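Trainee: I have a model to go through. Could we take it by questions and answers?

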Amino acid sequence: MTALAALLLRDTRLAVRVGGGALMGVLFFLLVVTMVPFGVGPDLKLLARIGPAILWIGALLATLLGLDRLLAADHDDGSLDLILMGHAPLELAVAAKALAHWLTTGLPLVIAAPLFGIFLNIDGSAIGIVALTLLVGTPALTFIGLIGAALAVALERGGLLLPVLVLPLTVPVLIFGIAAGDAAILNAAPFGAPFLILIALTLTSVVIGPVAAAAVLRHGLD
Amino acid sequence: MEWIALANPSRFLALAERLLPWLAAATALAFAAGLYAAFFVAPEDYQQGATVRIMFIHVPGAWLGMLGWAIMSVAALGTLVWRHPLADVALKTAAPIGAAFTFVCLVTGALWGRPMWGTYWVWDARLTSVLVLFLMYLGLIALWRAIEDRARAARAAAVLTLVGAVNLPIIKFSVDWWSTLHQPASVFRVGGSTIHPAILAPLLVMALAFTLLFATLYVSAMRNEILRRRVRTLRLLQVQTVQGA
Amino acid sequence: MNLGPYAAFILAAYSLTTAVVVALILWVLLDYRVQRKLLADLEARGVTRRSEPPR
């Protein structure tokens, strides 16, 4: 168990130290949120209506861009081989890495979201609910992204392969996350149903992500 | 004194040592006068009431944000064209200070806008261009931290700074155009008339105070950066002597 | 001194600005201390720059 804790701690420290990982994600998130009004116009009512969607898509893209820090760096300097040969089960090891990644990349996005919601004129209480959906849903994005990261490492392809692989898998998370946020804003549909499904998706991805990623790494790197 | 005399870091340090106490004292005095004027001399605006007092930080914040980039642009020229030794230092240290004041401008603007116009933020030309300026500052700071080699980082940052300087009026112009292309859904009434002298005077004093603050912080930060580079050089020397021995 | 119905906003604006300014001042002061200390340590170990006379 201490090996996993050590791995978690190491990844967290590295992410915070490289003086960019965490905050770059937030900066990119802010950039996406800024770009959308340039596209759809400054109409505040429209922005408030699509606000949850913009925040969710921004968080998704920011998470996606940070995914290459998850496994590729370790693959490049050989640490991944060490992890593969280590005592700890590979599934748990990559899960620990994904958790560290979410803590340093996903969680800052969740914290920044209410602030950026102000730019999009989202209502006060609605901002809190959207942030809650992000809190519950961003781990799913990271753990699903873990699969794509593993594939990119195993196939030794960079570029847009990772996003292309990961985005379709994240569609359900996006749909239910935004639905929950919209339900709160428009009061048109109940909030509970999509929110519970979102939780279920996250819990499922926390299990399937590491298992699939470990399988890919084992077969791919042999 | 010729500018070239400042090219020697030791001379700059000596100058900074003598200048800083005066700058700091002047800053404190100016703020004392400015804050007094802002709260006890300036009258309440007939439309905005007491919230007009936010203007006394908001406007200097905007001014300093832009001044920061202007100073960086001059420093960038120094790095790329004249290779002035202190240009790198001047370029690097202005960024966080300029970014901080741009941040102050954005947030105080939002806090002023909420009681005045009912919203914290609106995507109009001026606000959007200041936000873009802030994002450019952050990008520049990220660039400094991304490149290991000091000299290469300085050159890359210098290029980006100059591109940004050229781009700022373009952004302002295009955002102006964009903002009038898409008419906003609601119409905003800008509170207050043209600036009354009773409000203008405190504003100018506060602007002076903030500028002196910028100068104090800037000179101090440059001094720190020069010392940091000395430490680095000494450490490298130390390693070399150990290896050579 | 009456700051009107929106006093909270005025106070928030001034407090935040003060916080940012204080943070900047602290950053500059602490960095100065750190660099001075590092230089003192190095000097104590006898590492000097070429332009300074050897000890």
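Trainee: Leaving aside neighbours within four places in sequence, which residues is Leu146(A) in contact with?

Mentor: Contact means that two C-beta atoms, placed from the backbone, lie within 7 Å. This is a predicted model, where local features need pLDDT of at least 70, side-chain atom pairs count only at pLDDT 80 or more, and totals for chains, interfaces and linings use all residues. Residues are numbered from 1 along each chain as its sequence is written, with chains lettered from A and ligands numbered from 1 in the order in which they are written. Beyond those neighbours, Leu146(A) is in contact with Leu70(A), Val94(A), Ala98(A), Gly209(A), Pro210(A) and Ala213(A).

Trainee: Which residues touch the most other members of the largest nonpolar core?

Mentor: A nonpolar core is a set of buried Ala, Val, Leu, Ile, Met, Phe, Trp, Tyr and Cys residues joined through C-beta atoms within 7 Å. Buried means that 20 or more other C-beta atoms lie within 10 Å of the residue's own, against 12 or fewer for exposed, with partly exposed in between; C-beta atoms are placed from the backbone. The largest core has 137 residues. Those touching the most other members are Ala113(A), Leu146(A), Ala150(A) and Leu91(B).

Trainee: Which two chains have the most contacts between them?

Mentor: Two pairs of chains touch. No contact joins chain A and chain C, and their closest C-alpha atoms lie 15 Å apart. The most contacts are between chains B and C.

Trainee: Which helix gives the most to the side of chain B that touches chain C?

Mentor: Here 30 residues of chain B are in contact with 24 residues of chain C. Helices H3 (87-117) and H6 (197-244) of chain B each supply at least two residues of that side of chain B; helices (H or I, at least four residues) and strands (E, at least two) are DSSP runs, numbered from the N terminus. With 13 residues, the most comes from H6(B).

Trainee: How do the residues of that side of chain B divide by class?

Mentor: Ala, Val, Leu, Ile, Met, Phe, Trp, Tyr, Cys and Pro count as nonpolar, Asp, Glu, Lys and Arg as charged, and the others, Gly among them, as polar. The side of chain B that touches chain C divides into 19 nonpolar, seven polar and four charged.

Trainee: What share of chain B is buried?

Mentor: Chain B has six helices and zero strands. Its C-alpha atoms fill a box of roughly 75 × 45 × 30 Å along the principal axes. Of its 245 residues, the buried share is 39%.
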